[in-house]
Amino acid sequence: IVIIKVPSTVYAAFSSGVTYTFSSAVSGYNIYTVTATSTTSETVTFATTPSVDYLVVGGGGAGGGLGGGGAGGYRTANGFGITLGTSYTVTVGAGGAGLTGGDPSTITAASASVFSTISAAGGGKGGNGGTTGFAGGSGGGGGGDGSNYAGGAGNTPSTSPSQGSSGGSGNDGSTQFAGGGGGGASAVGSNAPGSSTGGAGGAGTASSITGSSVTRAGGGGGGAYVAGSSGSSGAGGTGGGGRGGSQNEGGGVSGTANTGGAGGGAGYTNAGSYNNTSGSGGSGVVILRTIDSIGAVFSSGVTKSLTTSGGYNIYSVTATSTTSETVTFVNTISAEYLVVAGGGGGGQSDGVGGGGGAGGFKTATGFPIIPSTSYAVTVGAGGAGASSFAQGSDGSNSVFSSVTSTGGGGGSGGTSAGQTG
């Protein structure tokens, strides 16, 4: 183990292979506890300005007539320097819409997700029967009707580290056709293994930024067609990629929302037809992690949630209503609370009913609150006492933010036992 204690005006930024927790429990100090390193070349850098860890995943690409869509770009790092009180752009990219109504022109491009200067591109569209896959964060798989069309390029535009992988090639067999798999964050899409089976989507990448490991940005599987028989679709890549379609399996499956997973290629129902639908891409996500002494205030068009883990505030942004939404980082305020729930009502049973239980009692210091943020507050009512051979009513819960004290149980009465409180 490595434990680092620095003044509260100094902040540590670790490389991506470091597992660590944070505490500000000792007044005037920031304490970082390092519990694991993935290599012997991991680092820590100290600064007098705070930083944020981020994961930004673009919208997943839609599947084409045969090729699977490419996953949204995947960008993550620790220690992105921020200035408190400054507004930063935050945008969640939409997934591309899949093919409908037999018309490939209905397929739309996925869009980028953005945090400040970090942009994760939307995934590339899958190729139609006779087209290559499209470039994107990860590239779409190629078509296979008339030629073995190539997959689209990944990591477009180019970033370092790479934000994605290329799509696989389709396979043409004259009377049977298969699309390539779309690229994923950590692996290229598979080439169609034959003219009757679509290529699998490339695998996504796992991240534990939220406190548990989640894989995102999987590529879409390629679709297939076999004249007079039935083709086999390619599997979607791990991390939210949808499988491809075929004449017996139906259309391609859409990518999973908020993973940047790509949609599966449609596959044909008849030679050269686009009667199947292709899968739409899943929306992207922006996840921001700050030490618990720093909070985030978002503009009104942001849909987000807050969790805590290991001394960190973790903000998961799942939707933005415009491309001009913002996040502003601020110092949190340390609050002390006492939350007492309503007591239970007494029971009645010929003068010997049971008394109600007291309401739950919770108190603590050092609870972080964020300026300009609304928190739930509820005072629980006391339970009503019984009037005639009956059990008393339970008290109601009292609530402050994520803290809930449970109402006291009603006392026994008549032939009923007392309630748990």
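**The largest cavity and its surroundings**

Tyr-11, Ala-12, Ala-13, Tyr-20, Tyr-32, Ser-51, Val-52, Asp-53, Arg-289, Thr-290, Ile-291 and Tyr-312 line the largest cavity. A cavity is a set of points on a 1 Å grid over the protein atoms alone where a 1.4 Å probe fits but cannot get out, and lining residues have an atom within 4 Å of a point. The model is predicted, so local features need pLDDT of at least 70 and side-chain atom pairs pLDDT 80 or more, while totals for chains, interfaces and linings use all residues. Numbering starts from 1 along each chain as its sequence is written, and side-chain values use heavy atoms, without hydrogens and water.

The space in the largest cavity is about 100 Å³, a volume being what is filled by probe spheres set on grid points joined across faces, edges and corners. With a threshold of 30 Å³ or more, the count is one cavity. At least two lining residues come from each of β2 (11–14), β6 and β16 (285–291). Here strands (E, at least two residues) are DSSP runs numbered from the N terminus.

β6 (51–57) also takes part in the lining of the largest pocket, where it gives two or more residues, as do β3 (18–23), β7 (74–81), β13 (205–207) and β19 (312–320). A pocket, unlike a cavity, is an open set of points with protein on both sides within 12 Å along at least five of seven lines. The volume of the largest pocket is about 720 Å³. Its lining holds 30 residues, and those nearest the centre are Ser-16, Asn-78, Ser-207, Ser-208 and Ile-209. The biggest share of that lining comes from β7, with five residues.

Buried means under 20% relative accessible area, exposed over 50% and partly exposed in between, for a 1.4 Å probe and protein chains only.

Contact means heavy atoms within 4.5 Å.

Tyr-88 has Val-327 of β20 as its bridge partner. β20 also pairs in the antiparallel sense with β17 (residues 294–298), over five bridges. In that pairing Ile-294 stands opposite Asn-331.

Other strands form an open sheet of three, in the order β11-β12-β15, with antiparallel pairing. Its edge strands are β11 (171–172) and β15 (224–226), each pairing on one side only. β11 and β12 (residues 176–178) are joined by two bridges, and Asp-172 has Phe-177 in β12 as its partner.

In the loop between β15 and β16 sits Gly-251, whose C-alpha atom is 7.2 Å from that of Gly-279, 28 residues away along the chain. Beyond its neighbours within four places in sequence, Gly-251 contacts Arg-243, Gly-244, Gly-245, Ala-266, Asn-276 and Thr-277. Thr-156 and Pro-157 are joined by a cis peptide bond with omega about -5 degrees, and Ser-160 and Pro-161 by another with omega about 0 degrees. Pro-157 is in the loop between β10 (118–120) and β11, and Pro-161 is placed in the loop between β10 and β11.

Ser-116, which is not a glycine, has a positive phi of about 55 degrees. Ser-116 is in the loop between β9 (113–115) and β10, and counts as partly exposed because its relative accessibility is 22%. Ser-401 likewise has a positive phi, near 55 degrees, and lies in the loop between β24 (398–400) and β25 (403–405). At 24% relative accessibility, Ser-401 is partly exposed.

Definitions and conventions: Helix = DSSP H or I, 4+ residues; strand = E, 2+ residues; numbered from the N terminus. Pairing = 2+ DSSP bridges.
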